[in-house]
Amino acid sequence: MHVAVIGAGVAGLTAADTLAGWGVRISLFEKTPFLGGHAIQLNCKATDTCVKCGACVAEDKLLRATRHPHVEIHTGTQIEAITGQHPYQIDYRSHSPMVNADLCDGCGICFEKCPVSGAIFQDHASHVGPYVAIRRDLCRYFDNAACTLCRDACPQGAIGLSSQAQSGTMQADAIIVATGFTPYDPSDKPYGYGQFPNVITSLDAERLLREHTVMKCPSDGRTAVRIAFIQCVGSRDTRLGHPWCSKICCGSSLRMARLIQSHQEDAQITCFYIDVQTFGKDFKPFYNSVRENITMIRAIPGDILRTDTDELEVIYFDPETNASKEALFDIVVLSVGLLPAENNQSMAQILGWSQDESGFMPRHGSDRRPGPEGIFTAGAATGPMTIAESVSSAEKTVYDMIRYLETS
């Protein structure tokens, strides 16, 4: 039996590893150069004990799937067509990786030598390469082949700039669509994201905390003391057509706040929120503990201004005093919502599916919404989910698929 899994985030990796454990041959397709999706970017938020943030789960699923002999991996790959049925024919187009995963050791010399900011970008997985990738749209080599600084400097000989896109075709008995989600881009919000260096997204904050044990201001590298989290940026917003709760933001922000305070006793953290989404069976004691050290303000700011001293002035309406207030911070973290994956529309067209108003994938499976036999969905492709929910969704999808394969 042969199954194609489209998307290599935590749901796709879980499905691939679990099916491979049943002896099923897997072709795992990922459009980006890296595996692990957004979950692999998350920083462990354990302080004295595990807080079940899920960051280690993503790393574990990545290691298990990539090391399984039944899993064949196709990164940098776009699905172009799916035809037939049992078996399905899948036409795809792959860009050969310009960085050899077996040779790259993540030394970072290519970053130092590259003259174009952003042309080389880094993966966030700790134990699975390649650790860097090259953007063809920014790399000067693809203008006139004049720049080969990264290739010449690589001590491992891992960089090959002349790789070309190749088309391929394969057959699969069944398909899992696990295309994940897209984080909301808050550039259009009146918060100065993209203009003020110290206004960052929650994913930016995750990356900062992976690099440092405290929150550093991107503007000058100083340690931030006054830190604000603004919840529900891009979700629970009917004006944007995003009425849904993204589920992960409250738990992630509050765990992150506690992690920062565990490394930095003088950190003064404020959280602006609409409501707090419950998470985990230990939510109530956790939340009660958090409120002892974090200022919780039930209001969403209307504006952020930067002062002459590089402070951020957050303007909000205080519901307790019915008055507008201002507060100064060193850094502001925007907890951005989860939106449908950018390629959901094209994937739905390839599959002949109709999407609902949200833009997420319909839930297909043996006991869910009727759909083409042998095509299943899993994870946040169908709507916002936590890491634990994505893993559970993928495991349920595998169970449905095994039953389908055994009876078809």
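Colleague: Where does Ser393 lie?
Modeller: Ser393 is in helix 10, a helix here being a DSSP run of H or I with at least four residues and a strand a run of E with at least two, both numbered from the N terminus. This is a predicted model, in which local features need pLDDT of at least 70 and side-chain atom pairs count only at pLDDT 80 or more, while totals for chains, interfaces and linings use all residues. Residues are numbered from 1 along each chain as its sequence is written, and side-chain values use heavy atoms, with hydrogens and water left out.

Colleague: Why does Ser393 count as buried?
Modeller: Its relative accessibility is 12%, and buried means under 20% relative accessible area (exposed is over 50%, partly exposed in between, with a 1.4 Å probe and protein chains only). Ser393 is therefore buried.

Colleague: Which residues is Ser393 in contact with, leaving aside its neighbours within four places in sequence?
Modeller: Ser393 touches Ala378, Gly379 and Met385, contact meaning heavy atoms within 4.5 Å.

Colleague: What makes helix 1 oblique to helix 10?
Modeller: Helix 1 (residues 10-21) and helix 10 (residues 387-407) pack at about 40 degrees, and their axes are 8 Å apart. Helix 1 is thus called oblique to helix 10, since angles under 35 degrees are roughly parallel, over 145 roughly antiparallel, 65 to 115 roughly perpendicular and the rest oblique. The axes are lines fitted to C-alpha atoms over the stretch in contact, with angles from 0 to 180 degrees between N-to-C directions.

Colleague: Which residues meet where helix 1 packs on helix 10?
Modeller: From helix 1 there are Val10, Ala11, Thr14, Ala15, Thr18 and Leu19. On the helix 10 side they meet Ile387, Ser390, Val391, Ala394, Glu395, Val398, Met401 and Ile402.

Colleague: And what angle do helix 1 and helix 2 make?
Modeller: About 40 degrees, with axes 9 Å apart, so helix 1 is oblique to helix 2. Val10, Leu13, Thr14 and Asp17 of helix 1 make that contact with Ala58, Lys61, Leu62, Arg64 and Ala65 of helix 2.

Colleague: How do you know that helix 1 is mostly covered?
Modeller: Of its 12 residues, 10 are buried; among them are Gly12, Leu13, Ala16 and Asp17. The buried residues of helix 1 pack against strand 1 (2-6), strand 2 (25-29), helix 2 (55-67), strand 3 (71-74), strand 9 (174-177) and helix 10.

Colleague: What span does helix 1 reach?
Modeller: Helix 1 reaches 16 Å from its first C-alpha to its last, close to the expected 16 Å, the expectation being 1.5 Å times one less than the number of residues. Gly23 follows helix 1 with a positive phi near 90 degrees.

Colleague: What marks out the phi of Cys232?
Modeller: Cys232 is not a glycine, yet its phi is positive, near 60 degrees. Most residues other than glycine have a negative phi, and most peptide bonds are trans. Cys232 is in strand 12 (residues 226-233) and, at a relative accessible area of 16%, is buried.

Colleague: Why does Lys247 count as partly exposed?
Modeller: Its relative accessibility is 35%, so Lys247 is partly exposed. Lys247 also has a positive phi, about 70 degrees, without being a glycine. Lys247 sits in the loop between strand 12 and helix 7 (249-263).

Colleague: What kind of peptide bond joins His86 and Pro87?
Modeller: A cis bond, with omega about 10 degrees. Pro87 is in the loop between strand 4 (77-84) and strand 5 (88-95).
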